[in-house]
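Here are my notes on the model you sent over. Have it open beside you and take the points in order.

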Amino acid sequence: MKKFLPVIMSIGVVVVGIIFAISGISTIANKDKFDTQITATVVDIQQEWESSADPDDPDRLVDTAYIDYEVDGKKYEHVLAPEQNGNMKVGDTVDILVQSQNPEKISALNPTKGGIIFIVVGVIAAIGGCVSTIRAFIKRR
């Protein structure tokens, strides 16, 4: 089993890369559904220590912002902000996009940018995973 671990890990990276790419494509394909710009208020910042994947890198404190917003008189409370910015503070306002037909669906102001980032990261991970998988198979021979 130990000698199959590199192959399994490489295939896992390929799968994750494909999922990221598909998510990015979906984001871009659905960007027109986010048709209403509104202002939300940052209501909570939760801090959590994030462990580094590299043992030589230090752990770091990560801020996660939550927002409240209102659409057509209905309030949506303590929702994960679609874009995280380490400079956000409780009480700040942020502009977001919502789907007028489904207001619980929110996005940052430029969903295309996020979609492109997901596609690029996904393609790089998938290609890297494929190369790694091929190398792992060659080493086994």
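1. F20 first. At 32% relative accessibility this residue counts as partly exposed, the class between buried (under 20% relative accessible area) and exposed (over 50%), with a 1.4 Å probe and protein chains only. Before you read on: this is a predicted model, where local features need pLDDT of at least 70, side-chain atom pairs count only at pLDDT 80 or more, and totals for chains, interfaces and linings use all residues. Residues are numbered from 1 along each chain as its sequence is written, and side-chain values use heavy atoms, with hydrogens and water left out.

2. F118 falls in the partly exposed class too, at 35% relative accessibility.

3. How many aromatic pairs does a search of the whole structure find? It turns up two. To pair, rings of Phe, Tyr and Trp (its six-membered ring) need centres within 6.5 Å; planes under 30 degrees apart are stacked, over 60 edge-to-face, and the rest tilted. F20 and F118 have ring centres 5.0 Å apart and planes at 15 degrees, so they are stacked.

4. Where do these two Phe residues sit? F20 is in helix α1 (residues 5-29) and F118 in helix α2 (residues 111-140), so the pair ties together parts 98 residues apart in sequence.

5. The Tyr pair is Y69 and Y76: with ring centres 4.9 Å apart and planes at 15 degrees, this pair is stacked as well. Buried or exposed? Y69 is buried, with a relative accessible area of 3%, and Y76 is buried at 11%.

6. Now the overall layout. The protein chain has two helices and five strands, in the order α-β-β-β-β-β-α along the sequence. These are DSSP runs numbered from the N terminus: helices are H or I with at least four residues, strands E with at least two.

7. Why call the chain spread out? Its radius of gyration is 20 Å, well over the 14 Å that the globule rule gives for 141 residues, so the protein chain is more spread out than a compact globule. That radius is taken over C-alpha atoms, and the rule is 2.2 Å times the number of residues to the power 0.38. Along the principal axes, the C-alpha atoms fill a box of roughly 65 × 35 × 20 Å.

8. Of the 141 residues of the protein chain, 24% count as buried. Among contacts (heavy atoms within 4.5 Å) between residues at least 6 apart in sequence, 65% join residues at least 24 apart.
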